[in-house]
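Dear colleague,

Please find the structure for your review below. My notes on it follow directly.

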Amino acid sequence: MRVGIIGLPLSGKTTLFNALTRSTVEVGSWSGGKREAHIGVVKVPDKRLDVLHTHFPSAKKIPATIEYVDLAGFEKGISGSTKVLSELLNDLKNVDALVVVIRSFENDSVPHPDKTIDPARDLQTLETEFILSDMAILENRISRLENQLRKKKDERDQKELALLKRCLTSLEEEHPLSSLEFSADEEKILRGYQFLTEKPQIVMFNINEADIGKEEQILQSFSKLREQPKTSVLALSAEIEMEISQLDSEDAKAFQQDLGIQESALEKLIRTTYHLLGLISFFTIGDDEVRAWTIRQNTRAPQAAGAVHSDMERGFIRAEVVSYDEYVAHGSLAKCKEAGVFRLEGKEYIVKDGDIISFRFNV
Ligand SMILES: Nc1nc2c(ncn2[C@@H]2O[C@H](COP(=O)(O)OP(=O)(O)OP(=O)(O)O)[C@@H](O)[C@H]2O)c(=O)[nH]1
Ligand SMILES: [Mg+2]
């Protein structure tokens with residue numbers, strides 16, 4: 001899974017990236033025109049995996065991972081600059097969700113591109129910019145398709161054209177593409193375009209250190225955001241989180257307690273992302289490897305097997321499944337079998353969060 005960190009210049013994107021990935025990329029240095037993206041891989045913390053690993057201490061422990069991409073600042077008017085925009089969109093390719101960083105912190109030594117601190121305005125600026133950027137791509141493609149269709153009739157092109165026009169109308173009315181419903185077929189066509197307003201968003205307000213503990217209050221003035229489809233909201237102090245991420249775990253815990261932070265930015269963001277994207281984890285265990293895998297809710301057993309290896313999906317015979325809780329209660333697969341809780345499941349089985357699975361397959 002890949003998540004892109006996007007936002008206005010100097011909103012704290014790189015600071016957040018450092019907090020999440022425990023990196024030390026220099027902050028505040030990007031306005032000088034450097035536009036390369038940073039990529040970092042984060043292990044998804046999961047206590048269940050740690051517990052399972054204690055049953056197989058010599059096995060390799062492999063957590064699920066999320067890739068974060070820290071992007072250059074999304075400047076006002078960027079949608080008007082084809083070159084800069086296409087570079088940015090290139091960095092955003094295959095991103096499953098966006099973290100939209102909104103500056104809510106005050107810091108006189110960090111200039112704001114619009115001079116004052118105004119999260120609602122910045123959110124509006126970005127949303128407008130996302131809409132304009134999608135519109136630019138749509139208009140371009142629509143006129144190309146129309147040209148093509150004048151020369152040669154093609155049913156697929158016609159279908160695509162109708163779909164893109166429907167998208168454009170929605171954006172002209174200032175409704176993001178995430179507010180539309182698409183068929184599986186249409187989604188497939190749209191995937192190639194990587195539209196910004198179609199991606200699930202986590203709007204992250206980067207707040208003052210002094211406002212830690214008042215997150216709910218701050219988010220209340222953005223309650224309408226929460227009702228938007230494919231949108232989650234979050235408030236945290238990227239700077240403090242970066243400091244915490246660079247301490248060892250004992251010191252970090254003490255510091256978090258002092259500040260009244262219950263959950264690290266990393267944990268909070270990952271939990272929110274899983275929830276937003278409807279993701280769950282299942283586990284495979286054994287003497288070689290104890291591993292967590294990420295899938296979408298409502299995935300059937302063969303497709304879950306496909307997350308491990310495409311051969312396993314193709315040659316899927318059945319799955320042997322036990323829930324995490326049952327496993328821990330019985331202590332071993334042998335005991336689960338004895339107790340009759342290590343079940344056989346077929347093609348139609350819908351994998352549940354925390355399932356421990358052994359796939360039987362034949363290729
Ligand atoms: N007080 C305070 N300062 C912050 C916070 N987050 C970031 N900053 C400061 O804001 C400046 C910009 O932070 P960056 O993380 O580089 O911001 P950015 O969005 O990556 O900037 P560009 O990549 O240039 O667009 C740095 O000087 C940070 O120290 C915060 O939560 N509180
Ligand atoms: Mg940056």
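In the largest nonpolar core, which has 41 residues, Leu16, Tyr68 and Val99 touch the most other members. A nonpolar core is here a set of buried Ala, Val, Leu, Ile, Met, Phe, Trp, Tyr and Cys residues joined through side-chain atoms within 4.5 Å; buried means under 20% relative accessible area (1.4 Å probe, protein chains only). Helix H11 (residues 265–277) gives the most to this core, namely seven residues. Contacts of Leu16, leaving aside neighbours within four places in sequence, are Ile5, Val99, Val101, Met204, Leu236 and Ala238, where contact means heavy atoms within 4.5 Å. Another core, of 26 residues, lies apart from this one and includes Leu71, Phe205, Ile207 and Leu225.

This is a predicted model, in which local features need pLDDT of at least 70 and side-chain atom pairs count only at pLDDT 80 or more, while totals for chains, interfaces and linings use all residues. Residues are numbered from 1 along each chain as its sequence is written, and side-chain values use heavy atoms, with hydrogens and water left out.

Helices H9 (residues 238–245) and H10 (residues 249–259) pack at an angle of about 150°, their axes 9 Å apart. H9 is therefore roughly antiparallel to H10 (an angle over 145 degrees). Ile240, Glu243 and Ile244 of H9 meet Ala252, Phe255, Gln256 and Leu259 of H10.

Ser178 is found in the loop between helix H5 (155–172) and helix H6 (184–191). Ser178 is buried, at a relative accessible area of 11%, and touches Thr197, Glu198, Pro229 and Lys230, not counting residues up to four places away in sequence. Helices are DSSP runs (H or I, at least four residues), numbered from the N terminus.

Yours sincerely

Definitions and conventions
Chains are lettered from A and ligands numbered from 1 in the order in which they are written. Axes are lines fitted to C-alpha atoms, for helices over the stretch in contact, and angles run from 0 to 180 degrees between N-to-C directions. Helices (H or I, at least four residues) and strands (E, at least two) are DSSP runs, numbered from the N terminus. Angles under 35 degrees count as roughly parallel, over 145 as roughly antiparallel, 65 to 115 as roughly perpendicular and the rest as oblique. Buried means under 20% relative accessible area, exposed over 50%, partly exposed in between (1.4 Å probe, protein chains only).
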